[in-house]
Amino acid sequence: MTTNSPPAMRPPADDTDDAARGFIATWPNAEIRDARGRVVWTLAGYEFLDDEQAAPTVHPGLWQQARRNMQHGLFQVCERIYQVRGFDLANMTLIESDSGIIIIDPLTCAETAQAALQLYREQRGERPVRALIYSHSHADHFGGARGVIDEAHAIRHNIPIIAPAGFLWHTVAENMIAGNAMQRRAQFQFGHTLARGACGQVDCGLGKSMPNGTTTLIAPTRTIEKDRETHVIDGVEIVFALAPESEAPSEMYFFFPQLRALNLAELGQHTMHNLCPLRGAQVRDARLWSRYLDEALHEFAAHADVAFAQHNWPTWGNARLSGFIAQQRDLYKYVHDQTVRHMNHGQTAVEIAEELRLPAALAEATHAQGYYGTLVHNVKAVVQHYLGWYDGNPSRLNALPPVEAGARYVAYMGGADAVLARAKADFEAGEYRWVAEVLSHLVFAEPRNAAARELCAAALEQLGFQAESATWRNAYLLAARELRQGVPKARRRGMGYDLLKAVPMEMFLDCLAIRLVAARATGRTMRIGWQLEDTGEHWLLSLSNEALSYRRSAADTSAEATLFLTRERLARLLGHEQGVAAAIAAGLTSGELHVQGDAQRVLALMQMLEEFEPMFNVVEP
């Protein structure tokens with residue numbers, strides 16, 4: 001199954017040499033299947049990238065980044081440190097300790113993680129896992145936990161599972177409350193539903209794509225709480241450095257003094273990163289991000305011979321890695337400071353984004369290019385971080401919604417035929433940004449206007465072909481496809497069972513609260529108790545004024561009904577495809593859920609809740 005030659009591609013560039021350096025072995029197409037034989041991950045379909053010459057439908061910079069991200073397999077970073085790259089969106093790092101291995105970031109799903117570990121063991125032997133480390137609270141860095149270690153075995157043998165402070169809360173929170181919207185928007189960011197090809201998905205900037213496997217989680221047994229903590233794990237000294245509110249709200253990076261190696265986690269990649277991803281998230285703090293890189297530069301870089309991360313490839317040589325970190329630091333500081341400077345002159349996010357350019361040295365640095373994040377939307381994220389959505393112009397304080405605004409714009413322009421005639425001329429002139437903006441109004445005004453949909457799709461497609469950012473390309477091309485083909489139906493997909501089991505009770509009750517249809521609760525009041533039998537927690541959920549509130553308390557005799565359940569049953573309810581409310585109602589009817597008091601009150605509450613459509617419209621009403 002293993003092959004001992006790297007993919008044949010070597011465009012002239014230091015980054016390309018680095019991406020291939022240290023290669024040991026791989027699997028054909030890095031293909032990974034689950035227990036049922038279903039393909040979870042494969043690089044088949046990307047053969048078009050074998051051509052060194054960029055296709056005319058792909059930005060040349062993105063083409064080369066996509067080729068570099070095709071390097072896959074097991075690589076040696078330095079003495080005792082290895083990475084499996086190209087088996088997932090992220091990298092798995094393996095450090096050979098005195099009696100086994102330490103794993104940093106077990107990828108997105110159990111299947112890819114298991115395959116990565118198998119590949120390592122095929123080449124390096126059956127070394128047991130002595131510690132598992134999560135660098136931060138994003139699923140592509142913890143979701144494969146059960147693919148590399150058995151939880152019961154870890155507990156029995158006191159194998160540490162280490163994470164930064166706040167990890168478990170942020171891991172769940174990022175995908176729980178806004179999870180439905182985030183999953184839909186992620187389709188546009190990663191493009192994993194697009195066909196692979198020169199006219200489709202070519203890359204994600206940080207890696208190739210997202211795997212389609214089983215997301216798991218084993219809760220940390222040890223958290224890093226101080227800014228700097230040094231631990232010796234099975235003979236390997238590791239300096240843990242916290243970096244909260246940077247690329248993730250809970251994040252840390254690592255220095256290995258014995259090995260002269262610096263792992264930047266996701267603080268320093270070979271692309272400009274996102275300050276707010278297209279899928280949505282809390283805006284990241286560019287000022288703090290830059291500060292952490294500065295600390296890494298001055299505390300650790302002078303003592304390192306290699307810097308590497310949990311995406312892309314390493315940088316070797318003290319002078320080169322120091323320059324790389326310094327430029328990454330300056331990149332985020334420049335974007336932050338210059339955006340804020342212009343902002344304080346009264347310029348809006350759109351105006352600043354249109355005007356700001358990187359300084360020459362950064363503009364020429366491959367790793368500072370916008371293959372993933374972009375200068376344009378990072379500028380807007382900085383403004384959002386400080387000022388929010390409102391640009392200060394009262395004419396946009398209470399703007400009309402898209403359908404009504406679209407109808408009026410079209411009327412002002414002389415009707416649909418006039419809009420299309422002008423848009424066709426502008427399309428021929430290459431004014432794709434403007435055509436997409438104008439025709440979006442027409443699509444919202446007349447969603448069944450086939451000519452408008454097609455021309456808008458064509459403009460978006462051209463914008464995708466021109467985009468240097470993989471995420472922009474994916475968003476444009478998926479939007480074009482949905483205008484042409486409509487939105488496909490999809491079943492509701494929840495979080496993985498392990499993540500659901502970790503959901504704090506207050507977050508579960510928030511999930512009920514955001515599903516309340518206010519009109520169904522008009523004039524109603526209610527007090528429902530929730531008793532977790534395995535933890536002893538008791539919560540009181542109250543309905544009044546068409547809003548659900550909750551608090552933790554002792555068992556409250558004023559509750560009209562109290563549900564008794566365990567965290568296990570709670571996780572099963574949350575993961576039910578029919579939805580939370582329907583699952584609770586079914587559990588009450590079947591007797592799976594025990595209720596003390598008036599069960600009809602609980603059923604009445606469930607009838608006031610709704611579930612979310614996973615494939616809601618984005619580019620049309």
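**Aromatic residues in a predicted model**

At 0% relative accessibility, Y253 counts as buried. That is where I will start. A caution before the rest: this is a predicted model.

Y253 sits in strand β13, which covers residues 252-256. Along the chain, Y253 and S135 are 118 residues apart, yet their C-alpha atoms are separated by 6.5 Å.

Now the rings. How many aromatic pairs does the structure hold? The count is 17. One of them joins Y253 and F300 edge-to-face, with 6.1 Å centre to centre and 75° between the planes. Y253 is in strand β13 while F300 is in the loop between α8 (286-299) and β15 (306-308), so this pair ties together parts that are 47 residues apart in sequence. Both Y253 and F300 are buried.

F427 and Y432 form another edge-to-face pair, at 5.1 Å centre to centre and 65° between the planes. Are these two buried or exposed? F427 has a relative accessible area of 17%, so it counts as buried, the cut-off being under 20%. Y432 is buried too, at 15%.

Next, a cluster: ring pairs link Y46, F48 and W63. Y46 has a further neighbour, K208, which lies over the face of its ring at 4.5 Å from the ring centre. Elsewhere, the charged end of R572 sits over the ring of Y497, 4.3 Å from the centre of that ring.

Last, the surface. Which residues make the nonpolar patch of about 390 Å²? They are Y409, Y412 and M413. M413 is in the loop between α13 (402-412) and α14 (416-428). With a relative accessible area of 35%, M413 is partly exposed.

Conventions. Residues numbered from 1 in each chain as written. Predicted model: local features only at pLDDT ≥ 70, side-chain atom pairs only at ≥ 80, totals over all residues. Heavy atoms only, no water. Patch = residues over 30% accessible without salt bridge, like charges linked within 9 Å, V, L, I, M, F, W, Y side chains within 5 Å. Areas by Shrake-Rupley, 256 points an atom, 1.4 Å probe, with all protein chains shown as cover. Salt bridge = Lys/Arg side-chain N within 4 Å of Asp/Glu carboxyl O. Helix = DSSP H or I, 4+ residues; strand = E, 2+ residues; numbered from the N terminus. Buried < 20%, exposed > 50% of the residue type's maximum accessible area, 1.4 Å probe, protein only. Phe/Tyr/Trp six-rings, centres within 6.5 Å; stacked < 30°, edge-to-face > 60°. Lys NZ or Arg CZ within 6 Å of the ring centre and 35° of its normal.
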